[in-house]
Amino acid sequence: MFKLQALGRVLRTARITQTEMVNVMFSRSMNKFIAEPEYLDTKGPQIPLYEPLNVQIKSYDFTVLEIFSGYIHKTAENMGIEVDDCWASPCQKYKVQTFKPFSTQIENQYNLNIYERNVQVVDLEATKAPIFFHIIQAALPEGVKLTVKLHDDMDEENRYLPDLELTQLKNELDALGGPTVSKGKR
Amino acid sequence: MLSFRFRAIANLSTVKNGVSLSNVCQNTQSSSRMLYDTLSTTNPSPKWQLLSAVCLERTPIIMPPMAKIEEEMAEIFEKLDTTKSLKSDHELKQDEDKKVSASLVDGNQDENNPDAATRQTAQDFEDACNEELNKFIPSPRITAEDLSGDRKSTNRKLDKHLLFVVQEKNEGKKIWKLPQAQWINGETLRETAERALKEHVKTPDTSVRVLGNAPWGVHTIKYPSATREKVGFTGAKIFFFKAQLLSGCTTCSNTEYHWLGRNELTEYFDPQYLRSVQKFLIDED
């Protein structure tokens with residue numbers, strides 16, 4: 001470990017930028033234990049980085065979906081890509097009705113749920129991105145839809161289910177004439 | 001890798017300070033080249049012809065069949081899951097129905113549940129569902145093109161990748177290779193690759209997705225000394241770009257093309273070329 005640190009110091013004093021392999025060796029577990037001077041990072045990242053990206057997977061079958069979201073996380077970690085957050089958005093429920101021909105009599109009714117998982121990936125290097133997406137796409141299980149998009153505010157909002165009781169009470173309050181203004185302390 | 005880096009550091013004394021590692025690499029190459037030149041009388045720096053090729057793939061449409069071990073594991077997991085699981089709504093309803101039908105047989109409960117006999121039992125529901133399932137016929141895994149061996153269509157080998165391969169006639173010899181084009185000064189390598197694709201495929205823009213701006217692989221060809229003097233280049237470097245077929249595309253009529261599976265590539269490609277190409281293709285059985 002000390003030889004590697006010495007190597008790092010030699011490379012830095014000669015102002016040689018670290019190669020990819022040395023970068024990975026240092027960033028894995030030893031990054032926190034090396035005291036590096038801050039002026040080395042002032043130039044900024046040498047490879048252009050992406051904004052936070054959401055890798056979104058949707059499926060009707062949530063067991064497959066959960067295991068695959070774990071696979072995405074593991075692949076990202078193995079490639080040295082930082083995974084910021086991994087969450088499940090509430091499912092979208094669909095009621096599908098098929099009718100008998102030329103009538104409104106219901107022949108069949110199905111209740112389908114589309115489950116969703118999101119893996120947020122941060123500081124993805126532009127050189128690694130196509131490889132990462134290609135690997136995930138090649139490993140897609142059946143019935144899973146993959147989307148990769150920039151993080152939106154709507155993605156954050158969709159995580160939370162609306163509290164119907166609260167909105168109902170608020171509506172009632174508005175109907176009665178709004179909240180009373182309490183006379184606070186002066 | 002480590003030994004190379006130490007050699008680079010050894011060369012530091014001959015190189016000025018404040019030089020990035022890439023410069024050090026080039027300097028070691030040029031210093032080794034200069035050493036070579038003092039020993040022989042070839043040109044100082046080798047010139048390469050740059051070409052860009054497109055590796056267009058039709059990605060798999062259906063899942064490959066399970067291997068034997070996967071099938072066995074799936075069976076074991078299913079048995080485990082069913083023994084550990086609790087009863088679903090449907091199964092609870094079936095139990096209820098059994099109790100009701102048992103009490104009907106006794107003849108006591110007629111007053112409480114007058115319409116018990118006419119109620120749709122869970123079993124009826126299951127039978128109706130099974131009937132509907134049997135009416136559904138999924139498309140066959142092995143298509144007609146699989147059986148006929150038509151290598152020009154993309155409708156075969158649905159669970160594997162298919163690679164787009166083109167035949168070129170070079171000085172009378174017909175060589176199979178990925179569609180390639182010469183690099184023109186002023187365009188990026190990716191643009192060269194897209195141009196190569198357009199020569200052979202009619203509607204490339206929306207139906208083909210090129211992955212990334214950087215090449216996925218490289219193949220170097222060193223010309224023999226006769227062609228070297230004639231052409232003025234030591235050889236050619238072909239950079240490969242990966243692309244995926246999104247929807248159907250029509251190929252130009254004058255190109256001779258095939259869509260090949262992985263194991264068919266060995267019959268078509270030159271072994272050196274095949275090795276360079278296989279380095280960036282996704283592994284398949």
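How many disulfides does the structure hold over all chains? The answer is zero, where a disulfide is a pair of cysteine sulfur atoms within 2.5 Å. The views below start there and then walk through each chain.

This is a predicted model, in which local features need pLDDT of at least 70 and side-chain atom pairs count only at pLDDT 80 or more, while totals for chains, interfaces and linings use all residues. Residues are numbered from 1 along each chain as its sequence is written, chains are lettered from A and ligands numbered from 1 in the order in which they are written, and side-chain values use heavy atoms, with hydrogens and water left out.

View 1. A disulfide is a covalent bond between the sulfur atoms of two cysteines. A:Cys91 takes part in none, and the nearest cysteine sulfur, that of A:Cys86, lies 17 Å away. With 27% relative accessibility, A:Cys91 counts as partly exposed. In the other chain, B:Cys129 also counts as partly exposed, at 35% relative accessibility. Here buried means under 20% relative accessible area, exposed means over 50%, and partly exposed is in between (1.4 Å probe, protein chains only).

**View 2. Chain A as a whole.** Six helices and four strands make up the secondary structure of chain A; helices (H or I, at least four residues) and strands (E, at least two) are DSSP runs, numbered from the N terminus. Along the sequence their pattern reads α-α-β-α-β-β-α-β-α-α. Chain A has 186 residues, and 26% of them count as buried. Among its contacts with a separation of 6 or more, 72% come from residues 24 or more positions apart, a contact being heavy atoms within 4.5 Å.

**View 3. A nonpolar patch on chain A.** Five residues come together here: A:Tyr60, A:Tyr94, A:Val96, A:Tyr110 and A:Leu112 make a nonpolar surface patch of about 450 Å². Patches are made of residues with over 30% relative accessible area and no salt bridge, with like charges joined within 9 Å and nonpolar side chains (Val, Leu, Ile, Met, Phe, Trp, Tyr) within 5 Å. A salt bridge, in turn, is a side-chain nitrogen of Lys or Arg within 4 Å of a carboxyl oxygen of Asp or Glu. Strands β2 (82-99) and β3 (106-122) of chain A each supply at least two residues of the patch. A:Leu112 sits in strand β3 of chain A and is partly exposed, with a relative accessible area of 33%.

**View 4. Strand β2 of chain B and its partners.** Two strands pair if DSSP finds at least two bridges between them. Strand β2 (residues 162-170) of chain B runs antiparallel to strand β1 (residues 48-58) of chain B, joined by two bridges, and B:Glu57 stands opposite B:Leu163. Five bridges join β2(B) to the antiparallel strand β8 (residues 256-260) of chain B, where B:Tyr257 is the bridge partner of B:Val166.

**View 5. The β2-β3 hairpin of chain B.** Strand β3 (residues 173-177) of chain B pairs with β2(B) in the antiparallel sense over five bridges. Across from B:Val166 stands B:Lys177 in β3(B). Two residues lie between the strands of this hairpin, in which B:Glu171 takes a positive phi near 55 degrees.

**View 6. Chain B as a whole.** Chain B holds ten helices and eight strands. Of its 285 residues, 31% are buried. Contacts between residues at least 6 apart in sequence join residues at least 24 apart in 70% of cases.

Methods. Areas by Shrake-Rupley, 256 points an atom, 1.4 Å probe, with all protein chains shown as cover.
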